[in-house]
Structure formats: C-alpha cells, structure tokens
Amino acid sequence: MSANLKVNSRFGAIARVALDVPIAPWFDYRIPAELDERIQPGVWVVVPWGRGRRVGVVLSRAESTQVPEAKLRTLDALLEDAPIAPAPWLSLLEFAATYYHRGVGELGLLAVPKALRTPPSARSRKTAFARAAGAHAAARVQPAVPPATSEIPDASGLATEGLTAGQSKTAAAHGTALAYTLGVVPFKRELNADQQQALETLRGSRGFSVTLLHGVTGSGKTEVYLSWLEAVLQADPSAQALMLVPEIALTPQLARQVAERFPEIETAILHSDIPDAQRARAWFAAASGCARLVVGTRLAVLTPMPRLAAIVVDEEHDGSYRQQDGVSYSARDLAIAAARAAHAPVLLGSATPSLETWRSARHGRYRLLKLPARISGASVPRLELIDTRSTRLRAGLAPAALGALEQTVARGEQALIFINRRGYAPVLGCDACAWVSGCEHCSAWRVLHRQTQQIPRRYQLICHHCGSQTEVPRACPQCGSIGLSGLGRGTQRLEEELLECLPGARIARLDRDVARRRGAAQAVITAVHEGDVDLLVGTQMLAKGHDFRRLSLAVVADGDAGLFSADYRATERLFATLMQVSGRAGRDIAQSQVLVQTRHPEHSLFAYLQAHDFEGFADALLAERLDAGMPPFSHHALLRADAEQLKDALHWLDQAKAQGEQCLRSSGSEPGESAENTPIPDLANVRIFDPVPMPMARLMGRERAQLLVESSQRASLHAFVQRWLEHLRAVRAPVRWHLEIDPGEI
Ligand code: ADP
Ligand code: ZN
Ligand code: ZN
C-alpha cells in the first residue's frame with residue numbers, strides 16, 4: 001500500500017497522454033525512471049494499449065492519478081525523432097476536446113498522418129518520424145521543377161530512406177538552405193488603395209485578433225492575404241503562417257501562386273488527397289518549424305506549428321470547413337481558437353461571409369475590412385432573371401439563355417453553365433408505371449451516369465450517397481415495359497444537349513466525375529485559360545476561385561435549388577453559391593452578364609443578388625433568425641442515431657431525451673456556484689426537441705434519426721451536453737450514435 005502511494009504521489013511521475021481513441025479525454029501512464037528527465041509536455045511517446053501499442057503525445061505531467069495502481073501501465077518509449085509539439089497547439093487540442101466533447105487525441109491526432117501514428121516495431125530503431133525527417137531533408141536539397149509545370153514540387157520519388165535521423169537533423173537545422181529554383185520570376189503587384197489600407201491595418205495587428213476581409217469576387221482578397229503573410233514572414237525570419245482553403249481542387253492553383261510569391265520559403269501543402277508518405281513529410285516540415293508556410297484544407301488547422309504567427313481562412317463561409325462525419329468540427333472555428341492559443345491574428349476572407357461571422361463583425365467583435373470594388377475596374381456583372389414558368393425550355397434552357405450563349409460564342413468569348421447535379425439524369429423512370437431507380441440502401445435515387453462518350457453509349461445507375469452501382473435494367477423491373485428514360489438533367493446530359501443546340505461550340509465539363517481522374521480537372525481549367533473552350537458546363541466545382549479572363553456570361557440553369565429547403569441555412573448557401581457563380585463572369589471583360597433561371601423571380605433573395613447587396617441580404621436574414629431564435633442567436637447540438645430499424649433509432653433518442661430532461665430537472669436543485677466559485681450556467685434556457693427521422697432517413701442500409709437541443713446561451717448548452725453525455729456514455733447503446741456541436745445541416 002505504501003509502495004503504491006509512493007509511486008503515485010511522486011512529483012510528475014505520471015504522464016497524461018492524448019491518444020486517438022474515444023472514451024476518455026486523455027490516458028495516464030507511469031513514467032519509467034530512465035525517461036523521467038525527458039518526458040515533457042509535447043513529446044511523442046509509444047504506450048501500451050490493450051494488447052498492442054499506440055503513439056500519443058504527452059499533454060502534461062501529474063503527481064497522481066485516479067487510475068488504480070493495478071491498472072496503471074508504464075509508457076514504452078519516447079520517440080526522439082518527433083518534433084516536440086508546441087504548447088499553444090496542446091491548448092488548442094484541449095479547447096477543441098472540451099468544445100466538441102471529445103477525447104483530446106481523438107480530435108487532435110486526426111491530422112497526424114497514419115504513418116506517424118503507427119508505433120515502430122520493437123526491433124526497428126527507426127521511427128516513421130525519422131523516415132519523414134529523412135524524406136523531408138532529401139526533398140529540401142533537390143532542385144524542384146518550375147512550379148508552372150508541376151503544381152507542387154512533387155518529391156514523392158525523392159523520399160530517401162537511406163538518411164539517418166542524425167543527418168536529417170543536420171539538414172533540418174539548415175532551414176534556410178532551400179534550393180528550390182523557380183522558372184518564374186516572382187513579381188509583386190501594386191496594391192490598390194483599398195488593398196493597401198487593409199494591409200496596413202493587418203500589419204498593425206499584434207497578438208490575437210480576428211479580422212473579416214469582405215470583398216466581392218475579383219476584388220483582390222488573395223493579393224491581400226499574400227501581402228500580409230509576406231510581411232509577417234519577413235518581419236520574423238522564423239515565423240510560420242497557416243493558410244486554409246476550402247477545396248482540394250483549388251489547392252494546386254493556389255500552391256502555384258504561393259510558390260511564385262514565396263520562392264525562398266519552404267511551403268507545406270496538406271490535404272487528405274496527398275499520399276500518406278508525402279503528407280508525413282509535409283507534416284514533419286510544418287511541425288519542425290522548417291516549413292514556414294502551410295497551405296491546406298480543413299484538417300490542416302490541426303497541424304502543430306511551433307512558430308505560428310498568422311492564419312488566413314479563405315472563403316470562410318465554405319461548407320467544406322465543416323467535418324460532419326465521425327469527429328465533427330468546424331475548421332474555421334478551430335482556426336480562431338488556434339490563433340487565440342498562439343496569440344496570433346487570424347484573417348477570415350469571403351465575398352459572402354457566414355452569418356455567424358458577419359454578426360460578429362457587425363458587433364465589433366471582429367474587425368471588418370472591405371474591398372468594395374473589383375480590381376479590373378470592370379463593373380460587377382449585370383444579373384438578369386429568366387422566369388422559366390412561362391417559357392419553353394430546350395436542353396433545360398430558356399430561349400433567352402440559349403441565345404445569350406450563342407452570341408457569346410460568336411463574339412469569341414466564353415460562358416459557363418452552372419448546374420448542381422452531376423451525372424446524366426438524376427433518376428431513371430418507367431414511362432408505363434411509377435417505377436423509379438431507387439437505391440436499396442438509401443432514401444435516395446440512383447443517378448443515371450453515362451459511362452462512355454462512344455456510340456453505342458453505355459450507362460450505369462449510381463447512388464451518390466453510398467456509391468452502389470448497378471447496370472441499367474433492360475426492362476422495367478416492376479411492369480416489364482422497355483420504355484425507361486432518364487428524368488431531369490445532370491451535367492453529362494446538358495453537355496450532350498448543348499452540342500446539339502450549339503453545333504460547333506467547343507464544350508467542356510467540370511464536375512467530380514471529371515475530377516476523379518488525376519489531372520483531368522486541371523486539364524479542363526488549363527484548356528479554358530488557353531481559350532480552347534467556349535462553353536464550360538459544371539457544378540459547384542467551377543464556382544470556386546478560378547479566374548477565367550475571357551468569361552463574359554454565366555448561366556445558372558436552376559436558381560431555385562435550395563430556395564424552399566427544410567434546412568434553415570439553405571438560402572444562405574444558395575446566395576453564396578449564386579454570388580460565387582456570378583463572380584466568375586466578367587473579371588476582365590467590361591460587358592458581362594449573369595442569367596439565373598428561376599420559377600420564383602419574386603423571391604427577395606434575387607433582389608439582393610441583383611443589387612449585389614450581400615449586406616442587405618445578410619442583415620435581413622439575421623433579422624429573420626433573431627425573430628425565430630435561430631443561430632447565431634441560439635446554439636445547437638444535434639444528437640444523431642442510426643439503426644437497422646427506424647423505430648429503434650427513434651426509441652433510443654426518446655430515451656436520450658428523457659435522460660436529458662432528467663438532467664435539466666436535477667440541475668434546478670443544485671447551488672448556484674460550483675466548488676471553484678464559478679457560476680453554474682442556468683440550464684433553464686436549454687430546450688430538447690422531439691426526435692425525428694433525418695431528412696434523408698436511410699443511408700447505406702441504416703435508418704437515421706436525430707434530436708435537436710437548443711439554447712440561447714452557449715455556456716448552458718455545453719454544461720448540459722457534458723452532463724447528458726456522461727449519462728449516455730455510461731450505458732451501451734443498441735444503436736450507433738454521435739453528437740454534433742454547431743451542426744451545419746439540420
Ligand atoms: P479575390 O480573391 O477577391 O476573388 P483575387 O485576389 O483573385 O480576387 O484578384 C482578382 C484578380 O486581380 C487576380 O487575377 C489578381 O491577380 C488580380 N489582382 C489582384 N490585386 C491586384 C492589383 N493590386 N493590381 C493588379 N491586379 C491585381
Ligand atoms: Zn414500369
Ligand atoms: Zn445508396
């Protein structure tokens with residue numbers, strides 16, 4: 001007994017380790033005597049876990065633990081080649097774990113490439129960290145090809161295994177000896193007055209602050225980001241900066257822009273599409289402080305950066321910053337938390353900021369900078385509505401839209417046609433009976449896809465939710481009729497029909513099916529830039545970022561998608577998409593036009609859109625949300641459950657609700673202050689709604705339901721959720737469930 005006490009109470013004998021497993025926020029391990037001196041917060045260790053071992057990061061040392069002596073295990077090894085995780089990063093992880101009610105490592109180690117999370121085998125002395133370091137060092141001394149021809153200096157083939165950790169450390173120490181030779185002479189633009197003013201304000205930022213840069217598309221926001229980052233990186237030769245971008249598709253373009261702008265600075269590109277070995281190298285470069293600029297998608301926000309001095313979040317409103325499945329989080333919100341932890345400024349940029357951000361800027365919590373005009377001096381495009389109720393459509397397009405496309409091609413200019421559905425037709429249906437191509441695993445239709453361009457054409461039915469594929473039946477499975485046809489229109493069909501309507505026009509398509517083939521999306525984009533394409537048909541993918549010079553017309557085939565959705569955020573998203581699509585037109589051409597086809601031309605959203613009045617739209621929407629008590633005026637948590645039978649999911653949620661109400665009732669009898677004299681948040685304003693099936697109830701053969709919790713006070717919501725989760729986690733559930741904080745879609 002006394003021996004136990006001695007071990008457990010010796011100062012700092014316990015290490016609190018974050019592991020990527022749920023259950024607990026962290027896990028306690030005994031520190032072996034021979035490692036005692038070297039186990040500090042931020043070091044990476046190997047610990048025993050069940051019958052195996054895991055890699056984790058030490059959060060802190062403790063004098064004692066609640067783990068009983070018999071169960072307390074000793075950590076295995078220290079990973080010496082791993083860069084020590086910086087303290088602000090550890091506090092970011094702890095914040096994120098608390099905010100999203102998850103284990104510290106569950107969220108925090110998400111961004112650590114798999115290779116680095118794999119414990120080295122007992123015999124091998126060499127860790128994945130050492131390999132990443134070696135690969136990184138090798139890549140640094142290789143002259144890279146000019147970035148104009150190869151987007152990211154791709155050095156996956158250079159990953160030299162032969163380097164020892166010692167050598168890599170030497171190479172890493174010579175952080176400035178980067179030998180990238182560029183085929184492009186970097187040049188700087190003269191900022192215009194608005195950009196200059198924004199830059200001056202940003203340069204004055206010291207410590208933590210949040211700034212919103214609100215500027216229409218083409219107003220030169222990117223130039224402001226880069227100029228600011230340049231100033232930050234120049235002012236302190238060891239400073240690091242992080243730039244988050246929404247889409248993978250955008251990253252190569254931006255990576256090139258960055259490489260041109262910062263030829264002397266090592267840049268790490270981080271997103272989930274990069275092969276793991278290459279990601280490990282990039283992660284190592286960032287975590288060791290060698291890469292001074294990290295550009296990446298949402299996961300990159302969780303990269304440890306020891307000298308983090310500035311963060312940019314481009315298109316801060318973008319839905320892809322939100323991770324919904326599994327461990328859900330918002331990378332935009334975490335970017336703000338990361339900046340706070342590092343005492344660094346963060347810049348959010350958008351033409352259509354999220355209502356949350358807009359409200360904070362309006363209230364002075366965030367600083368608001370504006371770029372009101374387009375760079376080229378070109379006016380924003382004229383936006384016209386086409387009422388499709390009263391016209392006959394061909395290829396889904398009104399005569400006015402087809403005519404405008406024809407004229408644009410005749411003038412030698414380019415046009416894009418936006419349609420947010422990929423595939424040939426959204427559904428295959430029987431002409432004789434009511435049969436449609438439903439997915440057996442999901443509450444969704446299988447989409448008709450054309451497999452080849454050649455004749456005879458081949459088609460397939462694909463579910464966009466579970467990915468299941470089937471052949472097109474020869475006859476209706478229900479009535480045997482052979483009259484089956486695709487209903488509605490996707491990108492493939494529109495492309496095909498446009499070829500008939502506008503013979504001679506050079507038409508290209510850009511959507512996720514095209515982008516799946518490596519380099520194909522980039523090839524389309526290049527073809528558009530080089531003038532080899534007259535008409536570009538595409539989805540959301542082409543709304544983003546691309547700067548096409550000769551594009552003078554944008555046609556939105558269906559402007560109503562999302563107008564009357566059950567999700568209260570749908571109009572906000574529609575407005576952002578339509579603004580973005582319009583932003584593609586007329587970047588350089590004085591006379592440009594946007595045509596939106598709609599069956600609801602009287603909807604107020606279109607009036608704001610025509611006036612290019614984001615502020616008016618946002619303020620009106622905020623007023624509506626205030627009236628309805630919706631976010632950002634209230635805070636949500638969403639409990640989701642899925643089971644084989646819908647009734648089981650609903651039943652479990654019913655029980656969870658009862659449990660929640662119990663938590664709310666029992667909170668009333670407690671004293672108003674906790675032991676630490678901090679007031680306990682009032683739970684009276686927490687409201688638990690009834691469970692309902694999700695809008696798309698069946699997914700991959702599972703039936704899904706959800707339950708919404710709402711509170712006007714964030715602190716109350718979190719206090720409640722914490723208590724509630726303790727109860728929910730205490731019993732094994734007969735369903736799969738998870739809880740999302742600040743859900744993006746309801
Ligand atoms: P945004 O990010 O706001 O959509 P960009 O930063 O992409 O806008 O700028 C639009 C275009 O204007 C780009 O081609 C960019 O290179 C160019 N540009 C930006 N700032 C300037 C400037 N000060 N002078 C000349 N061209 C500029
Ligand atoms: Zn039939
Ligand atoms: Zn499916």
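Author: A residue is called buried under 20% relative accessible area, exposed over 50%, and partly exposed in between (1.4 Å probe, protein chains only). Take Leu-72 as the case here: its relative accessibility is 6%, so Leu-72 counts as buried. Leu-72 sits in the loop between strand E4 (52-62) and strand E5 (77-78); helices (H or I, at least four residues) and strands (E, at least two) are DSSP runs, numbered from the N terminus. Phe-27 is 45 residues from Leu-72 in sequence, while their C-alpha atoms are 9.7 Å apart in space.

Reader: What should I know about the model and its numbering?

Author: This is a predicted model, in which local features need pLDDT of at least 70 and side-chain atom pairs count only at pLDDT 80 or more, while totals for chains, interfaces and linings use all residues. Residues are numbered from 1 along each chain as its sequence is written, chains are lettered from A and ligands numbered from 1 in the order in which they are written, and side-chain values use heavy atoms, with hydrogens and water left out.

Reader: How many helices and strands does the chain have, and what percentage of its residues is buried?

Author: There are 21 helices and 30 strands in the chain. Of its 746 residues, 54% are buried. The chain exposes about 33,200 Å², and 52% of that comes from carbon and sulfur atoms; such areas come from the Shrake-Rupley method with a 1.4 Å probe, and for residues only the protein chains shown count as cover. Contacts (heavy atoms within 4.5 Å) can also be sorted by separation in sequence. Among those between residues at least 6 apart, 76% join residues at least 24 apart.

Reader: Which residues have the most contacts inside the largest nonpolar core?

Author: In soluble globular proteins, nonpolar side chains tend to be buried together. A nonpolar core is a set of buried Ala, Val, Leu, Ile, Met, Phe, Trp, Tyr and Cys residues joined through side-chain atoms within 4.5 Å. The largest one here has 132 residues, and Trp-44, Phe-720 and Trp-724 have the most contacts inside it. Helix H2 (residues 87-100) gives this core its largest share, eight residues. Another core, of 30 residues, lies apart from it and includes Leu-202, Leu-226, Val-312 and Leu-371.

Reader: Is Arg-117 buried, exposed or partly exposed?

Author: Arg-117 counts as partly exposed because its relative accessibility is 24%. This residue lies in helix H4 (residues 114-117). Leaving out residues up to four places away in sequence, Arg-117 touches Asp-20, Val-55, Leu-109, Leu-110 and Val-112. From Arg-117 to Trp-44 the separation is 73 residues in sequence and 9.8 Å in space, C-alpha to C-alpha.

Reader: Why is helix H11 described as largely enclosed?

Author: Eight of the eleven residues of H11 (residues 331-341) are buried, so the rest of the structure largely encloses this helix. Among the buried ones are Arg-332, Leu-334 and Ile-336.

Reader: Which residues have a positive phi although they are not glycine?

Author: Most residues other than glycine have a negative phi, and most peptide bonds are trans. His-343 has a positive phi of about 55 degrees and lies in the loop between H11 and strand E13 (345-350). With 60% relative accessibility, His-343 counts as exposed. Asp-742 also has a positive phi, of about 50 degrees, in the segment after strand E30 (736-741). Asp-742 is buried, however, at 13% relative accessible area. As for the peptide bonds, the one from Pro-631 to Pro-632 is cis, with omega near 5 degrees. Pro-632 is in the loop between helix H19 (614-628) and strand E26 (635-643).

Reader: Which side chain has an N or O atom 2.8 Å from a nitrogen atom of ligand 1?

Author: That side chain belongs to Gln-195.

Key: A polar contact is a pair of N or O atoms within 3.5 Å; within protein, one must be able to donate a hydrogen and the other to accept it, and residues adjacent in sequence count only if both atoms are side-chain atoms.
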